[in-house]
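Dear colleague,

Please find below the structure that I am handing over to you. My notes on it follow directly after it.

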Amino acid sequence: MKLESIQAAESKLLLNTYERNPVLFTEGHGVYLRDEEGNDYLDLLSGIGVSALGYGNAAVENAIVQQTKKLLHTSNLFFHEHTAELAVRLTEISGMDRVFFCNSGTEAWEAALKLARAHAGLLRAEGKKIGTKFLAMDHSFHGRTMGAVATTHKEKYREPFAPVMPDVEFVTFNDVEELRAKFSDDVCGICIEALQGEGGIRPATQEFLQAARELCDSNGALLLADEIQSGMGRTSEWFAYQHYGIQPDITTLAKPIANGLPMGAMLCTDEAARAFSPGMHGTTFGGGPLACAVAIAVIDSMKQKNILEHIRQVGGYFKQQLDGLKKKHDCIVNVRGMGLMLGIEIDSADVAKRAAADMMAKRIIINRTSDTVLRFLPPYILERTHVDTAVAALDEVLTGLTSNHAALAGQSPAGEHAHG
Ligand SMILES: Cc1ncc(COP(=O)(O)O)c(C=O)c1O
């Protein structure tokens, strides 16, 4: 099927949930995706932070082929050989004690919320005064299921599905005073992304994470760190919280963990894990042999190739080049991020939208998040030459757009709306 016929069929058959770019990808190699006509696109988004080792990675392919020949699924009623092997690796890199495997980010976050509520229930049964409330952050994003949307800040994700899970209060991200003021014995968990992704690549401050940790310690509430976008090496540490030297009680993983096979995981301390007993939570597919075998291959291959150091170096170079662009382009308000999780904030949502589209026209994939932020989540195997290509293209795109924008804004009193 060709792009046009696929578009026509999808518009009749699928729910209207995505605004897709009109491109049909058929193959991927390294950091490039190839469309049906054989054009290569430099991919600086990696399927929203998923294809971390790029496309056609030999270790991943080998794990898929070998495991597919042996066993695809057992259910969690039985043991298979890879669950514990993967749990050893994940607990070792995260500093956590235990793992619950699932199939996606939102499912991992849902498990985290349930565990925090159940843990508070356990503490209450043990005589402690602790409530059921979550503090979540503005600009946060935790997924699309009912608990996850309840802790996600943007109203448009929650409002159509109201009433969502009750007992969530939002705090201005990085406002320590507000966090302290809103914290009480009613709180069973503080929900944080150490480096917010969908919310616009916004890092937590050291003081804020520290305050969250101390508040949780003061009454037995749990610190929930969502590392679904920032985890598994993306920021040059295995987990973004490791940049701060602060250990959460629960963390969640998904996106790159199995390099494109659906997988999620919730990791927690032994203390938190006390709250779950058989039957309280579960999943049919979670932690199946194929996803586990691939995740093991991903972690081992990252270690063998010292990928964290590579991310630190290429990410540092990328950020430096974006800082250079900021000096040249007044429309860039800010450059943020760590490792290969970077964003540049543009002073106009319209320019940001057009910049992402114009980069796509140059066959370089980036995306726009939180209206004004151009986001880069490239595969970890990105090299400096790819950065140079992308930054030169972005330079050209922004030069074109801002001169156009100024000219058009001059012609029309509607200004930005002239482009809408
Ligand atoms: C921080 C964070 N949490 C949760 C999710 C939800 O993950 P999924 O789309 O796999 O359900 C995302 C997805 O973008 C995310 O970035």
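Ser 370 is buried, with a relative accessible area of 17%; buried means under 20% relative accessible area, exposed over 50% and partly exposed in between, with a 1.4 Å probe and protein chains only. Its phi is near 50°, a positive value in a residue other than glycine. Ser 370 lies in the loop between strand 16 (367–369) and strand 17. Helices (H or I, at least four residues) and strands (E, at least two) are DSSP runs, numbered from the N terminus.

The model is predicted: local features need pLDDT of at least 70, side-chain atom pairs count only at pLDDT 80 or more, and totals for chains, interfaces and linings use all residues. Residues are numbered from 1 along each chain as its sequence is written, and side-chain values use heavy atoms, with hydrogens and water left out.

Two further backbone features deserve attention. Most residues other than glycine have a negative phi, and most peptide bonds are trans. Ile 201, however, has a positive phi near 55°. This residue is found in the loop between strand 8 (195–196) and strand 9 (202–203), and Ile 201 is buried with a relative accessible area of 0%. A cis peptide bond, with omega about 0°, joins Ala 162 and Pro 163. Pro 163 has its place in the loop between helix 7 (155–158) and strand 6 (168–171).

I turn next to strand 14. All six of its residues (341–346) are buried, so strand 14 is largely enclosed by the rest of the structure. Both of its faces are covered, by the burial of Met 341, Gly 343 and Glu 345 on one side and of Leu 342, Ile 344 and Ile 346 on the other. Strand 14 pairs with strand 13 (residues 332–338) in the antiparallel sense over six bridges; two strands pair if DSSP finds at least two bridges between them. Within this pairing, Arg 336 has Gly 343 as its bridge partner. The hairpin of strand 13 and strand 14 has two residues between the strands, and Gly 339 takes a positive phi near 55° there. Strand 14 is also joined to strand 17 (residues 373–376) by four bridges, and these two strands run antiparallel. In this case Glu 345 stands opposite Val 373.

An open sheet is formed by seven strands in the order 4-12-11-10-7-5-6, with mixed pairing. Strand 4 (98–102) and strand 6 stand at the edges with a single partner strand each, so one side of each is left without a neighbour in the sheet. Within the sheet, strand 7 (residues 187–192) and strand 10 (residues 222–226) run parallel and are joined by four bridges. Cys 191 stands opposite Leu 224 in strand 10.

Finally, the ligand. Residues around it (those with a heavy atom within 4 Å) include Ser 104, Phe 141, His 142, Glu 193 and Lys 255.

- A backbone N or O atom of Gly 105 lies 2.8 Å from a ligand oxygen atom.
- A polar side-chain atom of Glu 198 lies 3.5 Å from an oxygen atom of the ligand.
- An N or O atom in the side chain of Asp 226 is 2.7 Å from a nitrogen atom of the ligand.

Taken alone, the ligand exposes 390 Å², of which the protein buries 82%; accessible areas come from the Shrake-Rupley method with a 1.4 Å probe.

With kind regards

Definitions and conventions
Polar contact = N/O pair within 3.5 Å; in protein donor to acceptor, adjacent residues only side chain to side chain.
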